[in-house]
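Okay, thanks everyone, let's get going.

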Amino acid sequence: MRSIPFRLNSTGIISLKGSAAVATLTGALLSSGLQAADTYDGATGQVTAPVVRVGDDYYRDVVITVGTIVSIGEAAEGDPNYDTYSGDTGQLSIPAITDGNIFAYNVVITLGALISQGGMCDSLADCLGEEEPEVEPVASDHAIFYGAAAFADWVETSYSADSLALTTNLTTPARVMLSDAPTLVSDANYLSISDALTNFSGYSAEALGISSDSTYRTYYSKLLRLEAETSDSSCYHLRSHLHPNFAIDVDEDDFDNLKFRNNFGDAATSYGYVCFTYDESTRMLQAKTRYNYSASDFTYTQDSSFERGNYYIKLANGGYSLVPSSSEATKLYFYDSPLDFSVPFDFNPAGTTPVANPAAPYVSKPADFNLSSLSSEYTAQVKVDGIAAPGANATTRTAADAMLLKIENSLASGESLRYDIKVYAAFRDGLLSSTLQSDGISNGVLGQNLVPYVFFTNEEDSSGVSHPYMVIMSYGNPGSPHGLMDVPRPPGLGTGSYDSSSVTRFTNLDRYAIGIPMKDYGEVSAVDDNESVLSNQLWDDVTGSKGARDVFNYASANDNGIMISGAVMFPVYNNRLMPSQADAELSANGCHVGQGGGGPHCHADGYESQGVLGVYNDADYEGKEHPPLVGFGYDGIALFGVYREDQDSQLEGFGTALDAWGGHEHDSLGYHYHADRSKSLTLSIPGAAAASYRVRSLILGAYKGKLTGTPYFVGKKSGNDSAFLGGI
Ligand SMILES: [Zn+2]
Ligand SMILES: [Zn+2]
């Protein structure tokens, strides 16, 4: 460490008073922008310098004696507000000095003696006694560096269906609304699931209208998944679209009121559902049978003690109940859902009929995050006053912003982050805004944070080189309805034949702690370039003869990135080297639960132009200059939404073709991926015409980000130093 050398051979002090260049007064000092002039004390002959720069370091309150005066100059624009000492010449340059009456400018002296100094400062600002600069929120309403809105926010945005059509054909399963009016009138009542659990025994079934200030939630809470019994196709039960673990049941202990009760996945108290017939001429729904749900083996058995068979649904006093007589019943009309939640053709190109295999058990995973080992340097980003602060929080956000600025300022020359720090801040904001809005996760709680913590680290390796990471702790589930009941042919569990397997239709909380490298380590030019780092790629698992590695097959056998919703993503290919889409194993969201349980991971882009199926929506694009940020690859490359056909030609990068990895570079954005649907594949089905479908990719497969320089990487072959994640 350099310091100001002591010199014991103090020489005579020359008074500054009366020297030729001394002229101006305090006003000039202020006008030149100097904040702190040195002071000269004629009695002691000492000069006190508020700040002295030596090399790259700054010292405060330096008191010296003058050796000789080398020169005296004039005041100049933009003079620095500190003295500069050169060890080579032994000279101190003083921009301004005063004895309290007159000033001298740009005085160069040799040092007599160092009398005292107040120590080295952290920075010039620190020396000048300035407050640390106020941390501007890094993420803001930016036209390019912005994340897709969380489902929790989107569902509250205004929406009104253009029209509603009476259901003419009760094919199941179907998304419908149930009204008491045969036409679209403003005072119609629709059966809705209430906002909160009532008496812990279920959500109320309420009769509500659609007001002029309706939102997506208005419709989501009225949408019902109409399901026919396997054993009796004329008998239907009504499941909530918004809270898919809950279906209409009757509470015989509560005046035969209808309630949405838990009969799917895990249930602390498992109830059942009532199955109804519908008479299209009388427009009455009549209870027929009831099924009890067993959460221990996920089976339904007919309730032999059900005493409300043949009862009718009656609407009165804002609620629904069962009544014995048709004369008391209310006519009810099914309307088609104005929003399309069906699995698109591209996700079921062979037209596979939905399988009836039983649901596989949900998996219990440890779902707590331990922050106790996190280095104290980073706790302010996840805790407030020592208490864990999950989700969006103004205080932890300020700390995270400050860390981003620190990371940016600590980059050595020649180093850079992949993106503007606004991109990372926007992703953090988006992740932390993800809360569970759909009561459909076996062990999830409505409203809970799905990504409780996101923080930034900046650890040095043994050579003193910093490697910043974005660390994400996620439960691995989106906040929106999961759509797993609609998957035509979900992954099967077990080693036997598919027909004898149970299939994944439940979701449960998972626990991910993911570190994403932020520094720009470059990009590969061939997939083999990352070979020394990567283990457990799909290609590695292929036994026998296999072709060369390519972008599709040299892809992670597990998750390869995380969506802004908190769900993780997988490559286009599944572990049979088939596009997941071709196997009819995905929901309309492009996701499914794998054999290991957890949340629905996404192999494909669920974006649709209406309603939220994926994690982003048309509303995200409004007023913007680039598609929204929707995810991050584990290689540090950001994933943005699709360039929509016929709509986005004005957006930045629209004309810049995506490369073989599905990414490109343009304007102010470094290399990044896009969701894409420009590739078509042909599926040949024995005995049928070849079907062409579009791959709706998230991250295609192989990583474009060069990984050889990263000290930590998910699933790295060797030398994986998780210390870079802050000690968690
Ligand atoms: Zn999968
Ligand atoms: Zn782009």
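Residues are numbered from 1 along each chain as its sequence is written, and chains are lettered from A and ligands numbered from 1 in the order in which they are written.

So, why is Ile 685 called partly exposed? Because it has 13 other C-beta atoms within 10 Å. Ile 685 sits in the loop between strand 35 (680-683) and strand 36 (691-694); strands here are DSSP E runs of at least two residues, helices are H or I runs of at least four, and both are numbered from the N terminus. Setting aside neighbours within four places in sequence, Ile 685 contacts Ala 350 and Ala 691, where contact means C-beta atoms, placed from the backbone, within 7 Å.

Now the domains, whose bounds come from an automatic or database assignment. The chain splits into domain 1 (26-127), domain 2 (137-151 + 360-728) and domain 3 (162-338). Between the C-alpha centres of domain 1 and domain 3 there are 82 Å.

On to the cores: a nonpolar core is a set of buried Ala, Val, Leu, Ile, Met, Phe, Trp, Tyr and Cys residues joined through C-beta atoms within 7 Å. The largest one has 153 residues, and Tyr 424, Ile 472, Leu 629 and Val 630 touch the most other members. Helix 6 (residues 421-432) is its top contributor, giving eight residues. Domain 2 and domain 3 each supply at least three residues to this core. There's also a second, separate core of 26 residues, with Tyr 40, Val 47, Val 54 and Ile 94 among them. Back to Ile 472: beyond four places in sequence, its contacts are Leu 431, Val 451, Val 454, Ile 514, Ile 516 and Ile 562.

Last, confidence: pLDDT is the predictor's per-residue confidence, from 0 to 100. The chain averages 90, and 94% of the residues score at least 70. Over residues 1-34, though, pLDDT stays under 50. Where pLDDT is low, the predicted coordinates should not be read in detail.

How values were computed. Predicted model: local features only at pLDDT ≥ 70, side-chain atom pairs only at ≥ 80, totals over all residues. Buried ≥ 20, exposed ≤ 12 C-beta atoms within 10 Å, placed from the backbone. Contact = placed C-beta atoms within 7 Å.
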